[in-house]
Amino acid sequence: MSVAFISVILLPIVGNAAEHASAIMFAVKDKLDITIGVAVGSSTQISMFVIPFCVVVGWCMGKEMDLNFQLFETATLFITVLVVAFMMQEGTSNYFKGLMLILCYLIVAANFFVHVDPKSGE
């Protein structure tokens with residue numbers, strides 16, 4: 001397994017299991033606004049705080065880290081933001097939209113599973 005797959009797919013699933021469970025419970029109770037708030041808020045928190053914080057901690061530990069993402073990661077992030085924005089545009093939800101988001105997530109997971117990490121010198 002590549003490092004990218006572990007860090008982009010596996011760690012967020014395990015690390016945010018409680019948030020995922022609460023979002024599912026709110027969705028079952030038809031609390032769509034809270035469900036979307038939990039899901040999008042978690043993603044925003046990771047991208048705006050946790051990733052830069054990890055880079056700063058890496059610098060303190062003497063590790064070479066930066067926020068210079070490769071083309072594959074940047075394109076994946078851009079496409080996922082577009083998909084979520086289009087899905088949330090109406091403010092309504094149904095099973096088909098949920099299935100589409102799950103399938104998009106599986107496509108991203110499959111892409112990161114087969115993606116080869118570039119070497120640091122390349």
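Which residue takes a positive phi just after helix 3? Select Gly62: its phi is about 85°. Keep it in view as the end point of a tour along helix 3.

**Before you start**

This is a predicted model, in which local features need pLDDT of at least 70, side-chain atom pairs count only at pLDDT 80 or more, and totals for chains, interfaces and linings use all residues. Residues are numbered from 1 along each chain as its sequence is written, and side-chain values use heavy atoms, with hydrogens and water left out.

**Whole protein**

Show the cartoon. The protein has five helices and zero strands, in the pattern α-α-α-α-α along the sequence. Helices (H or I, at least four residues) and strands (E, at least two) are DSSP runs, numbered from the N terminus. Along the principal axes, the C-alpha atoms fill a box of roughly 50 × 30 × 25 Å. Of the 122 residues, 15% count as buried; buried means under 20% relative accessible area, exposed over 50%, and partly exposed in between (1.4 Å probe, protein chains only).

**Helix 3**

Select residues 32-60. At 1.5 Å a residue, these 29 residues should span 42 Å, and the end C-alpha atoms are 41 Å apart, which agrees. The expected span is 1.5 Å times one less than the number of residues.

Now centre on Ile46, where helix 3 has a kink of about 35°. The bend at a residue is the angle between axes fitted to the seven residues ending there and the seven starting there.

Next, pick Thr35, Ser42, Val55 and Gly58, which are buried.

**The nonpolar patch**

Switch to a surface view and select Ile13, Val14, Phe96, Leu99, Met100, Ile102, Leu103, Tyr105 and Leu106. Together they make a nonpolar surface patch of about 860 Å². Helix 1 (3-15) and helix 5 (95-114) are the elements that give two or more residues to the patch, and helix 5 gives the most, with seven.

Patches are made of residues with over 30% relative accessible area and no salt bridge: like charges are joined within 9 Å, nonpolar side chains (Val, Leu, Ile, Met, Phe, Trp, Tyr) within 5 Å. A salt bridge is a side-chain nitrogen of Lys or Arg within 4 Å of a carboxyl oxygen of Asp or Glu. Accessible areas come from the Shrake-Rupley method with a 1.4 Å probe; for residues, only the protein chains shown count as cover.

Finish on Val14, in helix 1. Val14 counts as exposed because its relative accessibility is 64%.
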